[in-house]
Amino acid sequence: MARNQQAGRSRPKTSGGAPAGRGRNPVSSGRRSPSVGKSRTPTIIAVVVLVVLVGVIAVAVYSANANKTAAQPANQPITPVSATYQTRVDGTVVVAGNGPTTLDVYEDALCPACKQFESLDGQKITDGLNAGKLTVRYHMVNLLEQNSTPPGYSTLGGNAIMCAAQNGAFPTLHKTLYDRQPEEGGAGYTVDDLVTLGKNSGAGPGYEACVRGNTYAGAVAQNYQQASTDPALQQQSGGSKGFGTPTIVVNGRTVSPNDPALAAALG
């Protein structure tokens with residue numbers, strides 16, 4: 001689970017490092033040869049070659065890191081989901097299906113543990129929704145808001161998912177954004193990316209304006225504020241207690257992802 005400063009879950013990352021040490025310039029501090037009339041051209045060429053080589057290495061390292069952390073291009077294929085259930089937005093919550101067993105799922109679009117949960121149990125949830133056995137209430141939160149570059153992808157992704165629920169594209173976009181989740185600490189999808197992915201997922205005409213207007217940004221923030229202070233949603237992890245994602249509630253009882261009650265609800 002992702003948790004704000006809790007052990008055992010993904011958490012907002014900080015970066016830091018010791019200040020660079022001082023060092024002598026190997027060119028400027030070296031002694032000059034006392035030889036008279038000797039050309040310095042070979043030395044100058046060597047220095048130029050060294051500077052160019054350092055620049056090439058720096059560009060290569062930067063490109064490798066950028067490719068590692070950036071979200072995949074939006075023209076990559078989506079992950080289609082065969083869904084017969086309906087979705088809607090009720091206040092700050094996405095409501096899927098209308099079955100007798102209710103699941104409340106608290107997720108962050110950037111949360112790696114949420115991706116794992118969806119990978120393991122997402123199809124079971126879809127099957128339960130399609131069969132009319134489940135009602136699933138998705139609470140999108142921005143726990144990891146500061147953990148993308150630039151910050152803010154948790155809100156953008158959560159908003160897009162809610163916009164998709166209101167415009168007929170939730171199942172496919174929700175799965176696509178977790179299957180192809182940006183790396184925590186790297187660049188998230190842009191607004192243009194999310195618009196394209198939503199349209200490719202079958203979103204209706206109101207989706208683009210919803211995403212560009214960040215319509216549900218306040219709802220995503222409110223969900224996190226409420227969940228992080230709700231005693232019923234605090235769980236023990238790594239010797240400490242707090243709210244993390246994903247948090248799953250089955251018929252009003254908070255459970256862990258490997259709780260038999262969840263398996264029974266999805267069975």
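A polar contact is a pair of N or O atoms within 3.5 Å; within protein, one atom must be able to donate a hydrogen and the other to accept it, and residues adjacent in sequence count only if both atoms are side-chain atoms. The model is predicted, so local features need pLDDT of at least 70 and side-chain atom pairs count only at pLDDT 80 or more, while totals for chains, interfaces and linings use all residues. Residues are numbered from 1 along each chain as its sequence is written, and side-chain values use heavy atoms, with hydrogens and water left out.

**Chain overview**

- The chain has eight helices and 10 strands, where helices (H or I, at least four residues) and strands (E, at least two) are DSSP runs numbered from the N terminus.
- Of its 267 residues, 44% count as buried; buried means under 20% relative accessible area, exposed over 50%, and partly exposed in between (1.4 Å probe, protein chains only).
- Contact means heavy atoms within 4.5 Å. Among contacts between residues at least 6 apart in sequence, 74% join residues at least 24 apart.

**Cysteines**

- The structure holds one disulfide, a term for a pair of cysteine sulfur atoms within 2.5 Å.
- Cys163 and Cys210 form this link, with an S to S distance of 2.0 Å.
- Cys163 belongs to helix α3 (residues 153-166) and Cys210 to helix α6 (residues 207-212), so the pair ties together parts that are 47 residues apart in sequence.
- The link of Cys163 and Cys210 is left-handed, with -80° about the S-S bond.
- Cys163 is buried at a relative accessible area of 0%, and Cys210 is buried at 9%.
- Cys111 is buried at 0% relative accessibility, and Cys114 is also buried, at 0%.

**Ser201**

- Ser201 sits in the loop between α5 (191-200) and α6.
- Its relative accessible area is 12%, so Ser201 counts as buried.
- The side chain of Ser201 makes a polar contact with the backbone oxygen of Leu197 at 2.8 Å.
- Leaving aside residues up to four places away in sequence, Ser201 touches Ile78, Ala169, Thr172 and Leu173.

**Ser148**

- Ser148 lies in the loop between β5 (134-141) and α3.
- Ser148 is buried, with 3% relative accessibility.
- A polar atom of the Ser148 side chain lies 2.8 Å from the backbone oxygen of Pro150 and one lies 3.4 Å from the backbone nitrogen of Gly152.
- Beyond residues up to four places away in sequence, Ser148 touches Leu110, Tyr153, Gly185 and Gly186.

**Second largest pocket**

- On a 1 Å grid over the protein atoms alone, a pocket is an open set of points where a 1.4 Å probe fits, with protein on both sides within 12 Å along at least five of seven lines; a cavity is a set from which the probe cannot get out, and lining residues have an atom within 4 Å of a point.
- The second largest pocket holds about 210 Å³ of space; grid points are joined across faces, edges and corners, and a volume is the space filled by probe spheres set on the points.
- Its lining has 17 residues, and Glu118, Gly122, Gln123, Thr126 and Lys175 lie nearest the centre.
- α2 (112-130) and α4 (170-179) each supply at least two lining residues, and α2 gives the most, with eight.
- By class, the lining has nine nonpolar, five polar and three charged residues; Ala, Val, Leu, Ile, Met, Phe, Trp, Tyr, Cys and Pro count as nonpolar, Asp, Glu, Lys and Arg as charged, and the others, Gly among them, as polar.
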